[in-house]
Amino acid sequence: MDIVNPAGVIMMLLVWGLVFFLLVAAISYGINRSKLVQKLDELQNEVRQLRSEIQQAKHRDE
């Protein structure tokens, strides 16, 4: 029976650690991105609302 190569075990742990880190980074990036998209939608709605208020104010002044 062969003795386990310690360098191989260390390399496998490093590879699995890197894979885990990349998965966590990708998931957190996705969550942050969806929050940013939601904020952007809110800001766009606010801009539309302000534009319509400005148009209404202009029509009142005429």
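## A one-helix protein

Welcome to this structure: the protein holds 1 helix and 0 strands (DSSP runs, H or I of at least four residues for helices and E of at least two for strands, numbered from the N terminus). Its radius of gyration is 27 Å, well over the 11 Å that the globule rule gives for 62 residues, so the protein is more spread out than a compact globule. That radius is taken over C-alpha atoms, and the rule is 2.2 Å times the number of residues to the power 0.38. Along the principal axes, the C-alpha atoms fill a box of roughly 95 × 10 × 5 Å.

This is a predicted model, in which local features need pLDDT of at least 70 and side-chain atom pairs count only at pLDDT 80 or more, while totals for chains, interfaces and linings use all residues. Residues are numbered from 1 along each chain as its sequence is written, and side-chain values use heavy atoms, with hydrogens and water left out.

### Surface

Of the 62 residues, 0% count as buried (under 20% relative accessible area; exposed is over 50% and partly exposed lies in between, with a 1.4 Å probe and protein chains only). The accessible surface comes to about 6300 Å², and 68% of that belongs to carbon and sulfur atoms (Shrake-Rupley method, 1.4 Å probe).

A nonpolar surface patch of about 1000 Å² includes W16, L23 and I31. Patch residues have over 30% relative accessible area and no salt bridge, with nonpolar side chains joined within 5 Å and like charges within 9 Å; a salt bridge puts a side-chain nitrogen of Lys or Arg within 4 Å of a carboxyl oxygen of Asp or Glu.

### Along the helix

Helix α1 covers residues 6-61 and contains L23.

| Residue | Relative accessibility | Class |
|---|---|---|
| L23 | 52% | exposed |
| V47 | 39% | partly exposed |
| E53 | 40% | partly exposed |

For E53 and G17, 36 residues apart along the chain, the C-alpha separation is 54 Å.
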